Amino acid sequence: MTAIVEIRGLRKTYDDGFEALKGIDLSIEQGEILALLGPNGAGKTTLISSICGITVPTGGTVSVGGHDVVRDYRGARAMIGLVPQEITLEPFEKVIRTVRFSRGLFGKAPDEAHVEKVLRTLSLWDKRNARVIELSGGMKRRVLIAKALSHEPRVLFLDEPTAGVDVELRKDMWATVADLKAAGVTIILTTHYIEEAEAIADRIGVINDGQLLLVEEKAALMQRLGRKDLRIELQHPIDAVPEMLSHYGLVLEDGGMALTYTYDTQGERTGITQLLSDLSGAGLVLRDIQTRQSSLEEIFVGLVKEGTA
Ligand SMILES: Nc1ncnc2c1ncn2[C@@H]1O[C@H](COP(=O)(O)OP(=O)(O)OP(=O)(O)O)[C@@H](O)[C@H]1O
């Protein structure tokens with residue numbers, strides 16, 4: 001596959017001296033859906049803005065479809081559709097007119113067939129003559145996408161497409177993204193929701209503190225993240241994990257009253273049976289055991305911590 005977006009050593013230091021991007025390298029393949037996950041202030045929007053030519057990088061290079069975003073801004077920008085996080089629409093305008101207008105802004109000749117195709121893909125064709133103010137929140141978001149697709153971009157950026165949106169709408173949005181991918185659009189989205197990345201992305205990138213901690217195929221990442229904890233409460237406190245149990249990576253907690261064992265739910269063997277037998281062999285008496293699935297949130301926080309350590 002050819003990379004449609006190439007980012008090399010991208011840096012952004014804002015005027016106040018704040019380093020928001022500290023050298024990002026990333027290739028985005030044509031036709032993929034890449035989700036960028038990261039906590040508040042990680043640099044996601046700065047990264048997207050730099051690719052879209054809204055923010056001028058202070059180092060490195062970005063090209064989209066072979067066009068350098070600084071030297072050939074117009075060429076690069078024509079390849080890009082950007083859906084901002086905030087809903088910015090003219091309330092009294094008709095849906096179809098706002099989409100036509102956006103196309104015109106890119107200097108493209110009118111093309112009713114394309115406008116119709118975009119509106120149909122986004123299930124907005126029946127609403128084409130409705131005024132924006134008459135639409136539901138989910139439909140308004142879809143109008144923003146329709147505007148971003150009006151000039152036939154090859155890469156679509158969605159900045160937190162479902163922030164503050166209810167579960168139903170979120171699922172609608174995921175289905176829309178899948179339809180767009182099927183129509184050949186490369187999609188890069190930012191999100192705080194790891195479930196969202198899990199639901200729609202082909203690859204997931206985790207960004208924190210201006211650095212890309214990892215970019216990985218979703219399936220591989222999910223396998224790595226699919227872990228559970230087994231909490232073992234002891235009858236009597238211990239000072240340290242017995243030597244013969246050291247290979248389990250147990251963590252001693254609660255003043256020596258509990259041990260936590262983390263295992264891979266997707267692995268062939270959890271090792272629990274052997275562990276319980278070895279605990280008994282080490283002379284430990286158990287009071288209770290509980291399993292706990294680490295939440296996706298915790299997993300993500302763990303990853304971010306691991307990356308900055
Ligand atoms: N114009 C600016 N001047 C100075 N600092 C800025 C500017 N814009 C953003 N920053 C800082 O850069 C960092 C990254 O911000 P950015 O908006 O890229 O993060 P984000 O990952 O998109 O966060 P969020 O999830 O909260 O939207 C933040 O610390 C932010 O305060």
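1. Strands S4 and S5 are antiparallel and are joined by two bridges. Within this pair, Val-64 has His-67 of S5 as its bridge partner. The two strands make a hairpin with two residues between them, and Gly-65 in the turn has a positive phi of about 55 degrees. The model is a predicted one, and the points below should be read with that in mind.

2. The S4–S5 pair belongs to an open sheet of four strands, ordered S2-S1-S4-S5, in which the pairing is antiparallel. Strand S2 (19–29) and strand S5 (67–68) are its edge strands, each pairing on one side only. Further in, strand S1 (residues 3–13) and strand S4 (residues 59–64) run antiparallel and are connected by five bridges. On the S4 side of that pairing, Ser-63 stands opposite Glu-6.

3. There is also an open sheet of six strands with the order S6-S7-S8-S3-S9-S10, and here the pairing is mixed. Strand S6 (80–83) and strand S10 (211–217) are at the edges with a single partner strand each, so one side of each has no neighbour in the sheet. From one strand to the next, the twist averages 15 degrees.

4. Strand S3 (residues 33–37) and strand S9 (residues 203–208) pair in the parallel sense over four bridges. Leu-37 stands opposite Val-206 of S9. Helix H6 packs on the sheet, where it touches S3, S7 and strand S8 (186–191), and its direction makes about 155 degrees with that of S8.

5. Helix H5 also lies against strands: it is placed across S6 and strand S7 (155–159), and it runs at about 160 degrees to S6.

6. Helix H5 (residues 137–149) and helix H6 (residues 167–182) have axes that come within 10 Å and cross at roughly 25 degrees. Angles under 35 degrees count as roughly parallel, and H5 and H6 are therefore roughly parallel to each other. The crossing of H5 past H6 is right-handed. From H5 the contact takes Gly-137, Gly-138, Arg-141, Arg-142 and Ile-145, and from H6 it takes Leu-169, Asp-172, Met-173 and Thr-176. The residues of this contact are evenly split by class: three nonpolar, three polar and three charged.

7. H5 also packs with helix H3 (residues 95–105), at an angle of about 30 degrees and with the axes 7 Å apart. H3 passes H5 in a right-handed crossing. The contact residues are Val-95, Thr-98, Val-99 and Ser-102 on H3, with Val-143, Ala-146 and Lys-147 on H5. Four of the residues in the H3 and H5 contact are nonpolar, two are polar and one is charged.

8. H3 has a further helix contact, with helix H4 (residues 112–121); their axes come within 10 Å and cross at roughly 125 degrees. H3 and H4 are therefore oblique to each other. H3 passes H4 in a right-handed crossing. On the H3 side the contact uses Ile-96, Val-99, Arg-100 and Arg-103, and on the H4 side Val-115, Val-118 and Leu-119. By class, the contact of H3 with H4 holds five nonpolar residues, no polar ones and two charged. Val-99 of H3 is listed in the contact with H5 and again in the contact with H4.

9. Another hairpin is formed by S12 and S13, with four residues between the strands; Asp-254 in its turn has a positive phi of about 50 degrees. Strand S12 (residues 251–253) and strand S13 (residues 258–264) pair in the antiparallel sense, over three bridges. Leu-252 stands opposite Leu-259 of S13.

10. What surrounds the ligand? The residues around it are Tyr-14, Asp-16, Phe-18, Ala-20, Gly-38, Asn-40, Gly-41, Ala-42, Gly-43, Lys-44, Thr-45 and Thr-46. Helix H1 (residues 44–51) gives the most to this shell, with three residues. By class, the shell has four nonpolar, six polar and two charged residues.

How values were computed:
Residues numbered from 1 in each chain as written. Predicted model: local features only at pLDDT ≥ 70, side-chain atom pairs only at ≥ 80, totals over all residues. Axes fitted to C-alpha atoms, helices over the stretch in contact; angles between N-to-C directions. Parallel < 35°, antiparallel > 145°, perpendicular 65-115°, else oblique. Left-handed = near helix turned anticlockwise from the far one by under 90°. Contact = placed C-beta atoms within 7 Å. Nonpolar A, V, L, I, M, F, W, Y, C, P; charged D, E, K, R; others polar. Near = placed C-beta within 6 Å. Pairing = 2+ DSSP bridges.
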